[in-house]
Amino acid sequence: ESGIIRLHNQPVLSLKGRGVLVGFLDTGIDYTNPLFRYTDGSTRIMSIWDQTIENGRPPAGILYGAEYRAEEINQALASDDPYAIVPSRDETGHGTFLAGITCGGEDVANDFIGAAPNAALAIVKLKQAKQYLRDFFFVPDGVAVFQETDIMMAVTYLNGLAAILNMPLVICLALGNSI
């Protein structure tokens, strides 16, 4: 319905995202979803930085959260209990939904393909804002809200990862509310 197939089939340009890193700042990702894998079953996710995990290995130069690179994600995908190896989860599904629309691979059975199905992904699962900020800005309980410092650290992290991987970076930041 979106017309994306017409763009994918454009004969002159390669418009499926190959060679591009798409970074998501959101609620995480269901990394076990087949939409985010290559045809051999390995992950297209280069990295997950989960800011909510307190007992993992944080990214270099950052003092919180836990980082999982593609090698660990592939190890998790090959195991019987993937979340024992990479415990990051998307509890709300928002980040997974967004990543699927943007970078989901082809699912012929369900007549689905994302806008950039050949792109590599980098995920930052943002942690919720501290309580004093929620109180200061009168954010009701149960409303997802993230603090600017964590968002800025996520952008810095994604820029650094893109430089290490020597890939152009597109950042998807689709957060907001109507409170």
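Modeller: Let's begin with a term: a salt bridge is a side-chain nitrogen of Lys or Arg within 4 Å of a carboxyl oxygen of Asp or Glu. Keep in mind that this is a predicted model, where local features need pLDDT of at least 70, side-chain atom pairs count only at pLDDT 80 or more, and totals for chains, interfaces and linings use all residues. Residues are numbered from 1 along each chain as its sequence is written, and side-chain values use heavy atoms, with hydrogens and water left out.

Colleague: How many salt bridges does the structure hold?

Modeller: The general idea is that side chains of opposite charge can pair when their charged atoms come close. Here there are four salt bridges. One of them joins Lys 127 and Asp 150, at 3.3 Å from N to O. That pair links distant parts of the chain, 23 residues apart: Lys 127 sits in the loop between β4 (120-125) and α5 (131-136), and Asp 150 in helix α6 (residues 148-165). Helices (H or I, at least four residues) and strands (E, at least two) are DSSP runs, numbered from the N terminus.

Colleague: Are Lys 127 and Asp 150 buried or exposed?

Modeller: Buried means under 20% relative accessible area, exposed over 50%, and partly exposed in between (1.4 Å probe, protein chains only). Lys 127 is at 17%, so it counts as buried, and Asp 150 is buried too, at 3%.

Colleague: Which residue forms a salt bridge with Glu 72?

Modeller: Arg 57 does, with the closest N and O atoms 3.3 Å apart. Glu 72 lies in helix α2 (residues 70-77) and Arg 57 in the loop between β2 (45-50) and β3 (66-69), so this pair ties together parts 15 residues apart in sequence. Glu 72 is partly exposed at 22%, and Arg 57 is partly exposed at 44%.

Colleague: What about disulfides: how many are there?

Modeller: In general, a disulfide is a covalent bond between the sulfur atoms of two cysteines. The rule used here asks for a pair of cysteine sulfur atoms within 2.5 Å, and the count comes to zero. Take Cys 103: its closest cysteine sulfur, in Cys 172, is 8.3 Å away, too far for a bond. Cys 103 is buried at 0%, and Cys 172 is buried at 17%.

Colleague: And how many residues are in the largest nonpolar core?

Modeller: In soluble globular proteins, nonpolar side chains tend to be buried together. A nonpolar core is a set of buried Ala, Val, Leu, Ile, Met, Phe, Trp, Tyr and Cys residues joined through side-chain atoms within 4.5 Å. The largest one has 23 residues, and those with the most contacts inside it include Phe 24, Ile 45 and Leu 121. A second, separate core of 17 residues includes Trp 49 and Leu 126.

Colleague: In what order do the strands form the sheet?

Modeller: Two strands pair if DSSP finds at least two bridges between them. Five strands make an open, mixed sheet in the order β3-β2-β4-β1-β5. β3 and β5 (169-173) stand at the edges with a single partner strand each, so one side of each has no neighbour in the sheet. Further in, β1 and β4 pair in the parallel sense over six bridges, with Leu 21 partnered by Ala 120 in β4.
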